[in-house]
Amino acid sequence: MNDKMKRFLGRIILSILAAGVGWQLLRAARAVRSEYKFFSAPRSIPELPTDAAALGLRVVEFKSADGTRLKGWYVPSTTGAAVVAVGGSSATRDRMLPYARILVAGGTGVLLFDWPGCGESEGKIGLGPKERDAVRAATAYVAGQPDVEPGRLGLLGFSLGAHVALLAAADDSLVSALFVEGVFGSPWTQGLAEYAPSGVASQWGALLGDWLNGMERNTPDAAEAARRFAPRPMLIVAGTDDHTVPAFLSREVYDNAREPKTFWLIPGAEHGGYLRADPMYSARLREFIEHALARKPV
């Protein structure tokens, strides 16, 4: 091979390497941008559902520990039991209405609320103590309602809401039962798992985006918190087709928890699609909540 040919092949190799590096940088940049969108989601004000009157739904407001005003909807209980429903990332109260309708049909009271920085709630979107404080404020608000009996309050959480609900409930004696979907131990491990199919550059780009937006470096681990929730009952839901929070992450939380606990893996369920994937979902959710929050014998 002559020198001219060697130089030509060298330029081709360098071009391929440069293109590869550029592609990986582009993937990382896209991941950073994707996570940034989460922290800068535009506010959308939830509209009252058409069945608000039939549900008995009313607009409520309560304050977090630092004085942040949080807005929500509350349906009073007719049985003495109630649930705080906590949505996923950037969620407004209307996201959890399908669950509220299931529970309200059985007489269970339900509180839905906007995360700090979302909907009509004050504050800024984050992944830290303010979210945990918001859940604690929500449980305190519901526990103080005249229609709710002591020891009959539960938490229902989805995705980020499941993670935060578990962290908040572990040391909150007001919470007697926990029903969580797509729960994960750490936001860092969840981010790595979600972006794994796109490669290492996307994974680290996502984590960089979270870090730049103020996510805690030493975020508490919900898997560790699950151990402290016992002996209160917990049901963990996961989906075989969930690529945002793969089932193995939820299984890790379950494995770390103590009894009484249940792990429910739904075939074909994607992230947020558990209710649609199993025709028995509504019945099982209501059964768990009603049993877990039943009146204790005197």
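**Notes on the predicted model**

1. Ala222, Ala223, Glu224, Ala226 and Arg227 in helix 8 meet Glu252, Val253 and Asn256 in helix 9. The residues of this contact divide into four nonpolar, one polar and three charged. The axes of helix 8 (residues 222–229) and helix 9 (residues 247–256) come within 7 Å and cross at roughly 35°, and the crossing of helix 8 past helix 9 is right-handed.

2. Turning to the chain as a whole, the model contains 11 helices and eight strands, and 52% of the 298 residues count as buried. Among contacts between residues at least 6 apart in sequence, 73% join residues at least 24 apart.

3. The eight strands of the open sheet follow the order 1-2-4-3-5-6-7-8, with mixed pairing. Strand 1 (58–63) and strand 8 (261–266) are the edge strands, each pairing on one side only, and the twist from one strand to the next averages 20°. Within this sheet, strand 6 (residues 177–181) and strand 7 (residues 234–239) pair in the parallel sense over four bridges, and phenylalanine 179 has leucine 235 in strand 7 as its bridge partner.

4. Helix 4 (residues 129–143) lies across strand 1, strand 2 (69–75), strand 3 (82–86), strand 4 (109–113) and strand 5 (153–158), and the helix runs at about 120° to strand 1.

5. With a relative accessibility of 1%, valine 110 counts as buried because the cut-off is under 20%. Leaving aside residues up to four places away in sequence, valine 110 touches Trp73, Tyr74, Val75, Val83, Ala85, Ala100, Leu103 and Val104.

6. Helix 3 (residues 97–104) is largely enclosed by the rest of the structure, because six of its eight residues are buried. The buried residues of helix 3 are Leu97, Tyr99, Ala100, Ile102, Leu103 and Val104; among them, Ala100, Leu103 and Val104 are also listed as touching valine 110.

7. Two serines in loops may be considered together. Serine 176, placed in the loop between helix 5 (160–169) and strand 6, is buried at a relative accessible area of 15%, and a polar atom of the serine 176 side chain lies 3.0 Å from the backbone oxygen of glycine 151. Beyond residues up to four places away in sequence, serine 176 touches Gly151, Arg152, Leu153, Phe229, Arg232, Pro233 and Leu293. Serine 159, in the loop between strand 5 and helix 5, has a positive phi of about 55° although it is not a glycine, and at 9% relative accessibility serine 159 counts as buried.

8. The bond from alanine 230 to proline 231 is cis, with omega near 10°, and proline 231 is found in the loop between helix 8 and strand 7. Glutamate 259 and proline 260 are likewise joined by a cis peptide bond, with omega about 0°, and proline 260 is found in the loop between helix 9 and strand 8.

Technical notes:
Residues numbered from 1 in each chain as written. Predicted model: local features only at pLDDT ≥ 70, side-chain atom pairs only at ≥ 80, totals over all residues. Heavy atoms only, no water. Axes fitted to C-alpha atoms, helices over the stretch in contact; angles between N-to-C directions. Left-handed = near helix turned anticlockwise from the far one by under 90°. Contact = heavy atoms within 4.5 Å. Nonpolar A, V, L, I, M, F, W, Y, C, P; charged D, E, K, R; others polar. Pairing = 2+ DSSP bridges. Buried < 20%, exposed > 50% of the residue type's maximum accessible area, 1.4 Å probe, protein only. Polar contact = N/O pair within 3.5 Å; in protein donor to acceptor, adjacent residues only side chain to side chain.
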